Amino acid sequence: MSDPFGAEAELINIESHFYQGQYQEVIDFDTTSFSAENALPARVLQLRARIALGQAEDVLAEVAGEKKPELEAVGALAQLKAGDAESAVETIEQLAATDAGEIGIVQVVGGTVLAAAGKADEALALLQRHQGNLEAVALIVHIYLAQNRTELAVKEVASARRLAQDSLLFNLAESWVGLRLGGDKYQQAFYVFEELAQAPATSSVRSLVSQAVAEIHLGRTEEAQAALDQALKKEPGFADAIANQLVWSVITGQDSAEYKAALEQADPNHPFLTDLAEKSDLFDKAATKYKAKVSA
């Protein structure tokens with residue numbers, strides 16, 4: 001029986017590179033022999049990979065004037081990354097209000113834009129229109145976890161397990177949930193991330209950081225540091241690696257100021273810094289209620 005979540009055979013390798021964060025490999029992938037049916041999905045993956053590598057302006061120029069909904073959605077993603085979130089959201093909302101909202105690529109790219117722009121509920125509404133699209137499932141799981149709605153993330157993974165348990169995306173989504181659930185799930189997640197991170201064909205900064213996160217949860221701080229070192233050697237300014245190095249420094253009692261400064265330089269709007277600022281503000285507000293009173 002065919003897997004309704006599966007990709008066409010000729011898309012599997014380029015999709016795997018993309019999901020593992022091997023964006024340069026996606027860009028360099030030879031798609032000249034792809035069927036007409038898969039030419040557009042492959043092009044979209046390559047455009048998304050270019051955006052991920054900081055080429056949003058170039059992609060925006062390339063897709064300007066394109067009328068295919070899939071490329072309009074990619075243009076919105078490029079707009080978002082180029083700093084124009086308002087226009088990006090407007091484009092996606094317009095697409096979602098038409099038949100284009102039934103296209104898998106529009107759902108996934110549009111959901112990515114909406115979620116990144118702080119419109120998680122709109123993103124979920126669009127993504128939940130999918131018809132057996134495992135990338136949509138993975139993004140739904142990601143959003144639920146970001147919202148601390150772990151129970152819903154667990155249910156989403158369970159609903160996909162029967163049909164996609166051998167899929168890379170399913171294994172990744174299940175591992176994300178495992179890191180949230182804890183216990184023996186930490187070790188299971190570690191096996192998935194470590195296999196990806198240490199195999200030359202699949203290693204990427206993202207898989208290395210994921211391995212490091214699992215190692216931290218398992219209390220293996222030296223191994224976590226080694227994985228983070230590998231990640232930063234591959235990409236010195238990778239914000240998620242720096243953020244987790246900051247976490248590692250706090251856990252191990254090291255001075256975290258250097259890593260905080262590095263993260264502020266790499267990505268001033270990184271969610272870790274935003275969350276840290278919010279919690280610091282809440283602490284300061286709470287502290288004012290307990291100021292010592294000086295008796296007359």
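**Labels and their grounds**

Q: Which residues does Thr221 touch, not counting residues up to four places away in sequence?
A: Thr221 touches Trp248, Ile251 and Thr252, with residues up to four places away in sequence not counted. Contact here means heavy atoms within 4.5 Å. This is a predicted model, in which local features need pLDDT of at least 70 and side-chain atom pairs count only at pLDDT 80 or more, while totals for chains, interfaces and linings use all residues. Residues are numbered from 1 along each chain as its sequence is written, and side-chain values use heavy atoms, with hydrogens and water left out.

Q: What makes Thr221 buried, exposed or partly exposed?
A: Its relative accessible area is 25%. Buried means under 20%, exposed means over 50%, and partly exposed is in between (1.4 Å probe, protein chains only). Thr221 is therefore partly exposed.

Q: Where is Thr221, and how is a helix defined?
A: Thr221 sits in helix H14, residues 221–234. A helix is a DSSP run of H or I with at least four residues; a strand is a run of E with at least two; both are numbered from the N terminus. Thr221 and Thr31 are 190 residues apart in sequence and 41 Å apart in space, C-alpha to C-alpha.

Q: How many helices and strands does the chain have?
A: The chain has 17 helices and zero strands.

Q: Why does the chain's radius of gyration agree with a compact globule?
A: The radius is taken over C-alpha atoms, and the globule rule is 2.2 Å times the number of residues to the power 0.38. For 296 residues, a compact globule would be near 19 Å; the chain has 21 Å, so the two agree. The C-alpha atoms fill a box of roughly 80 × 40 × 35 Å along the principal axes.

Q: How much of the chain counts as buried?
A: Of the 296 residues, 43% count as buried. The chain exposes about 15900 Å², and carbon and sulfur atoms supply 51% of that area. Such areas come from the Shrake-Rupley method with a 1.4 Å probe; for residues, only the protein chains shown count as cover.

Q: What makes a set of residues a nonpolar core?
A: The members are buried Ala, Val, Leu, Ile, Met, Phe, Trp, Tyr and Cys residues, joined through side-chain atoms within 4.5 Å. The largest such core has 48 residues, and Ile51, Val59, Ile92, Leu134, Val141 and Ile143 touch the most other members. Helix H9 (residues 134–146) gives this core its largest share, ten residues. Apart from it lies another core of 31 residues, among them Ala189, Ile216, Ile242 and Leu263. In soluble globular proteins, nonpolar side chains tend to be buried together.

Q: How do you know whether Ser249 and Ala239 are buried or exposed?
A: Ser249 has 0% relative accessibility, so Ser249 counts as buried. Ala239 has 12%, so Ala239 counts as buried. Ser249 lies in helix H15, residues 239–251, and Ala239 lies in helix H15. With residues up to four places away not counted, Ser249 touches Gln254, Asp255, Ser256 and Tyr259, and Ala239 touches Leu263, Ala266, Asp267 and His270.

Q: How many positive and negative side chains does the chain have?
A: The chain has 24 positive and 44 negative side chains, and the centres of the two sets lie 7 Å apart. Lys and Arg count as positive, Asp and Glu as negative; His and the chain ends are not counted. Each charge is placed at NZ of Lys, CZ of Arg, CG of Asp or CD of Glu.
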